Amino acid sequence: MRIQFVNSLGDNAGEIDMALHIISIGMDGADATTFNHELAHLYVRKFWNSELIQKALKLYSKKGMTDTEREEALVDAITEMSIDNYFENT
Ligand SMILES: [Zn+2]
């Protein structure tokens, strides 16, 4: 077996920064809802250009919203749903 090391973070640098950001929040005593929220940001940004995320953003956007506000509205909606599911299924 041959192990190949990656010399550059390349296009993944942003994702790794975001992952480190999430881990640092988790280690800073954040509760599960914060962790979920930050994770949802990661997925929304990673798949921002996908048809699914663009459709979802349209559902939660209101006139005059910036992309950041639309992202926040969608992330809040995703997080609310995932927390609701968690409590319903445990
Ligand atoms: Zn947020």
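I started at Lys62, which sits in the loop between α3 and α4 (67–88). Helices here are DSSP runs of H or I, at least four residues long, and strands are runs of E of at least two, numbered from the N terminus. I noted that residues are numbered from 1 along each chain as its sequence is written. This is a predicted model, in which local features need pLDDT of at least 70, side-chain atom pairs count only at pLDDT 80 or more, and totals for chains, interfaces and linings use all residues.

Is Lys62 buried or exposed? I found Lys62 exposed, because 8 other C-beta atoms lie within 10 Å. The cut-offs are 20 or more such atoms within 10 Å for buried, 12 or fewer for exposed, and partly exposed in between, with C-beta atoms placed from the backbone. From Lys62 to Ala73 I read 9.5 Å, C-alpha to C-alpha, at a sequence separation of 11 residues.

Next I looked up Tyr43, in helix α2 (residues 32–46). Tyr43 is exposed too, since its count is 12 other C-beta atoms within 10 Å. Tyr43 and Ile53 lie 10 residues apart in sequence, and their C-alpha atoms are 9.3 Å apart.

Then I turned to the whole chain. I counted 4 helices and 0 strands, in the order α-α-α-α from the N terminus. Of the 90 residues, 6% count as buried.

Last, I checked pLDDT, the predictor's confidence in each residue, from 0 to 100. The chain averages 80, and 77% of the residues score at least 70. Helix α1 (residues 13–27) has the lowest mean, 73, and helix α3 (residues 51–60) the highest, 95. Where pLDDT is low, the predicted coordinates should not be read in detail.
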